[in-house]
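Grab the model and work through these exercises, each with its solution. Have a go yourself before reading on.

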Amino acid sequence: MTSHSKTIDELGFSHAYAALPPDFYTSLMPTPLPAPYLVCGSASAAALIDLDPAEFKDEDFIAAVSGNTIPHGARPLAAVYSGHQFGVWAGQLGDGRAILLGEVPAAGQQAEALELQLKGAGMTPYSRMGDGRAVLRSSIREFLCSEAMAALGIPTSRALCVTGSEKLVMRETPETTAVVTRMAPSFIRFGSFEHWFYHDRKEDLRHLADHVIDRFYPSLRGAENPYRALLEEVTRRTAVMIAHWQAVGFMHGVMNTDNMSILGLTIDYGPFGFMEAFDARHICNHTDQQGRYSYARQPEIGQWNCYALGQALLPLIGDVDETVATLEIYQTTYTRTYNALLRKKLGLQTMEHDDTALIEALFEILQAGHVDFTSFFRKLGQLQLNNSAADEPVRDLFIDRAAFDEWAVAYRARLHQEHSIDATRRLAMDAVNPKYVLRNYLAHAAIEKAQNKDFSEVARLLAILERPFDEQPEHEDYAKLPPDWANDLEVSCSS
Ligand code: AMP
Ligand code: MG
């Protein structure tokens, strides 16, 4: 068989999640979306499951990913979970608008099967006050960001496509609805474990943990205490994920425990943002008045969330001290990963004791000057050891040029120390410092056009963000600092 040749009905659905006890989910049909049309598809996501990208133009495919028909072999369900929201126990939540179709084999021998989930496909028993829908605006944002994060090498769920409809739902104003088809090996969350812990249902808790270990962490089965090993591995992956977020300036915006993947993937894209004018206290979700999920606090909140998971797994691990000791891996992993990523961003090949001071001094001048995060690291790659004229592009990002010059003296000294070579360093830096990220104003422009039925800008942005490290001189405008009008953009929690 040639690759990427399957139709949606040929994907070969199976249902590991549906094999869990009945209380774990509700079987139900998605609610049809009137007259759906394709907004955008990701060919690279399609390739992951050998789906023929020609499917994106096929009516039967569009009907299936909009919830109007059920693909062959799928068994739709909504999962229950609970969680802590903004630090407070929120009780039962669940897939209020996401419907799991099942999992399909991934392309390639070693790859894990991928679940397909329709987000925005109608009400479920877990919809609470919601309408079960997702608006076009937030669906395009989730689609583009999922694919952009994957291209940046950050662990994330993927997005296969977005379909839209003229059906209106009420948010701050009436908006048209859409469905995002997203993919991940699993959408099980920290909150899925908390659910059984807070209901005092130890056997269900064990069932879930065994399911996760057997399917996603089989090597932990042989550990002395597999549940402790699970906590350790999830904590480690979470710390690695958040170190990557910090290094690229990504802010999730809603790091509630129900939005934390048990696989250490970035999931549930909502009011996220990429850091522009650097401010460590930046809050991308304007409903987060306390700044619990600000850029600076993400590492600490990631750890808090791992403690919440540790609490939920405690009945299985069996010992408080052991559980607390296991969680210590968060801090060490985070620090090690973050420092390694920052060294790479600075083009450093070796590790020196003073590097932390150099990095801290850098963040002080970025903060003081509100320097654009992405542009700074990208342009820093052009610096030359013995030619300060080459500093101009990066130096011009600072109002206080002297502050940059002072830091650059220390930076150059550090580069001299390891006999850094300009051309080699620039190549290495360009491979880790993206030129293109999903700036809010870029997403906003693509969404406005899409709301007027012109989907070309979504497709163009996707193509650019799939190659974030490439120069793409023809798309120079997309690397520019945000225009003045972007200052007034607010990303609300409503989706
Ligand atoms: P979030 O913070 O977006 O991950 O959502 C928190 C919870 O609210 C999850 O259980 C969602 O499924 C649910 N939810 C959010 N929006 C809606 C909606 N429009 N309809 C039903 N449930 C929703
Ligand atoms: Mg969520």
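This is a predicted model: local features need pLDDT of at least 70, side-chain atom pairs count only at pLDDT 80 or more; totals for chains, interfaces and linings use all residues.

**Exercise 1.** Work out which domains the protein chain has.

Residues are numbered from 1 along each chain as its sequence is written, chains are lettered from A and ligands numbered from 1 in the order in which they are written, and side-chain values use heavy atoms, leaving out hydrogens and water.

**Exercise 2.** Describe the shell around ligand 1 by class and by domain.

Solution. Start with the 17 residues around ligand 1 (a heavy atom within 4 Å); Gly 94, Gly 96, Arg 128, Gly 132 and Asn 259 come nearest. Sort the shell by class and you get 8 charged, 7 polar and 2 nonpolar residues, with Gly counted as polar. Then check the domains: domain 1 and domain 2 each supply at least three residues.

**Exercise 3.** Find polar side-chain contacts of ligand 1 (N or O pairs within 3.5 Å), then see how much of the ligand is buried.

Solution. Asn 259 puts a polar side-chain atom 2.9 Å from a ligand oxygen. Tyr 81 has a polar side-chain atom 3.5 Å from a ligand oxygen. Finally, ligand 1 alone exposes 480 Å² (Shrake-Rupley, 1.4 Å probe), and the protein buries 81% of that.

Key:
A polar contact is a pair of N or O atoms within 3.5 Å; within protein, one must be able to donate a hydrogen and the other to accept it, and residues adjacent in sequence count only if both atoms are side-chain atoms. Domain bounds come from an automatic or database domain assignment.
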